[in-house]
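This report describes a protein chain for a reader who is new to structural analysis. Please keep the sequence and the structure in view while reading.

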Amino acid sequence: MNNVYQIGSGELTFDIIERIINENLKLELASEARESDELSTLQENLVKSHACSVGEEMPHVIVKLMFLLKAHALSLGHSGVQVITVQRIIDFFNNDVMPIVYDRGSLGASGDLAPLANLFLPLIGVGDVYYKGKRCEAISVLDEFGWEPVKLKSKEGLALLNGTQFMSANGVYAILKAFRLSKKADLIAAISLEAFDGRLDPFMNCIQQMRPHQGQIETGAAFRRILEGSEIITQPKTHVQDPYSFRCIPQVHGATKDAIRHAASVLLTEINSVTDNPTIFPDEDLIISGGNFHGQPLALVYDYLAIALAE
């Protein structure tokens, strides 16, 4: 079988492709120097070409969190961006100018190129935003505030697109809800225990100290606090022990607490990190291309968090 592709009325063979590449095309750009006026165009084109997220629009709270996290990461001083770029992100945040970001587009956990590109299109005056409850062209909102579209310099397109702020924003939102759900789970279970005329013995501190997982200790303490002064809990009991589902609340709720805490610690490290690429070290006069944009640390603990919350 010949290795050919049918294109129009002719055939394109691998021999022809190789000749075209050798004679006419320069596919290796790493060794090509760009003029300074071309660098800005290149950075803008990077943003435009990657703005291809699809699916459902993300809630504005997630979009706003993305702005906050990206502004913080860039302000750490290792991304090689202009002050005006960070300032404009903060301006969008403070004035509730919300770009349209969709929930599909990134390749697994390997970075948030597509959603971040959609997030930052309006900075260069492209795309639509929500402002004052209406969807409108980004350039019209910039004009209303008297803001010029940001003229991206070398590295800035990469700094905006590389990172984990989409993953992190969703994680921050989820982890705050998880902390609240954990407290409500304790409250609901404590009320249930009281309604059952259950025993407080399994929640005493001495038995938690025999297996001193932090979440288990905290759960026992929460129940003692919630049920303090309850006449039902303190009345004499006719049964020796409660059903398994009540006795094991410190262990089950406690394990979830520990999982939430672990996920939160990983997320806290992430949102205080520099996750774009390459990374700039001005004091050492170094520019290093690495992989800090990869979200694998988040992906693993998000699965863990999902299991813990389901329990």
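Asp197 and Lys237 form a salt bridge in which the closest N and O atoms are 2.5 Å apart. This pair links distant parts of the chain, since Asp197 belongs to the loop between H8 and helix H9 (205-209), while Lys237 belongs to the loop between helix H11 (231-234) and helix H12 (244-247), 40 residues apart. Asp197 has a relative accessible area of 23% and is therefore partly exposed. The model examined here is a predicted one.

Side chains of opposite charge can pair when their charged atoms come close. Over the whole structure, a search finds 12 salt bridges. Another of them joins Lys155 to Asp276, with 2.6 Å between the closest N and O atoms. Lys155 lies in the loop between helix H6 (138-145) and helix H7 (156-161), and Asp276 in the loop between H13 and strand E8 (279-281), so this pair ties together parts that are 121 residues apart in sequence. Lys155 and Asp276 are both buried.

A further salt bridge is formed by Asp201 and Arg199, whose closest N and O atoms are 3.5 Å apart. Asp201 is partly exposed because its relative accessible area is 39%.

Why does Lys155 count as buried? The cut-off for a buried residue is under 20% relative accessible area, and Lys155 has a relative accessibility of 10%. When residues up to four places away in sequence are not counted, Lys155 touches Gln43, Ser79, Gly80, Asp276, Asn277, Pro278 and Ile280.

Pro278 is found in the loop between H13 and E8.

## A positive phi at Asp96

Asp96 also has a positive phi, of about 55 degrees, although it is not a glycine. Its place in the chain is the loop between helix H4 (83-94) and strand E4 (98-99). With a relative accessible area of 41%, Asp96 is partly exposed, whereas Lys155 counts as buried.

In soluble globular proteins, nonpolar side chains tend to be buried together. Here the largest nonpolar core has 54 residues, and the members that touch the most others are Met66, Phe67, Ile89, Leu119 and Phe120. Helix H3 (residues 60-75) gives the most to this core, with eight residues.

Which residues does Ile89 contact, leaving aside its neighbours within four places in sequence? They are Phe67, Lys70, Ala71, Leu74, Phe120, Leu123 and Leu160. Another core, of nine residues, lies apart from the largest one; Ala189, Leu227, Ile233 and Ile249 are among its members.

Rolling a probe the size of a water molecule over the atoms shows where empty space is left. The largest pocket has a volume of about 210 Å³. Its lining consists of Phe179, Ser182, Lys183, Asp186, Glu218, Ala222, Arg225, Ile226, Lys257, Ile260 and Arg261. By class, four of these residues are nonpolar, one is polar and six are charged. Helix H8 (165-195), helix H10 (214-226) and helix H13 (249-271) each supply at least two residues of this lining.

The second largest pocket has a volume of about 150 Å³. It is lined by 13 residues, of which Ser182, Ala185, Thr256, Ala308 and Leu309 are the closest to its centre. At least two residues of the lining come from each of H8, H13 and helix H14 (296-310). This lining divides into seven nonpolar, three polar and three charged residues.

## The chain as a whole

The secondary structure of the chain comprises 14 helices and nine strands. Of its 311 residues, 39% count as buried. Among contacts between residues at least 6 apart in sequence, 79% join residues at least 24 apart.

Note on methods
Residues are numbered from 1 along each chain as its sequence is written. This is a predicted model: local features need pLDDT of at least 70, side-chain atom pairs count only at pLDDT 80 or more; totals for chains, interfaces and linings use all residues. Side-chain values use heavy atoms; hydrogens and water are left out. A nonpolar core is a set of buried Ala, Val, Leu, Ile, Met, Phe, Trp, Tyr and Cys residues joined through side-chain atoms within 4.5 Å. Buried means under 20% relative accessible area, exposed over 50%, partly exposed in between (1.4 Å probe, protein chains only). Helices (H or I, at least four residues) and strands (E, at least two) are DSSP runs, numbered from the N terminus. Contact means heavy atoms within 4.5 Å. On a 1 Å grid over the protein atoms alone, a cavity is a set of points where a 1.4 Å probe fits but cannot get out, and a pocket is an open set with protein on both sides within 12 Å along at least five of seven lines; lining residues have an atom within 4 Å of a point. Grid points are joined across faces, edges and corners, and a volume is the space filled by probe spheres set on the points. Ala, Val, Leu, Ile, Met, Phe, Trp, Tyr, Cys and Pro count as nonpolar, Asp, Glu, Lys and Arg as charged, and the others, Gly among them, as polar. A salt bridge is a side-chain nitrogen of Lys or Arg within 4 Å of a carboxyl oxygen of Asp or Glu.
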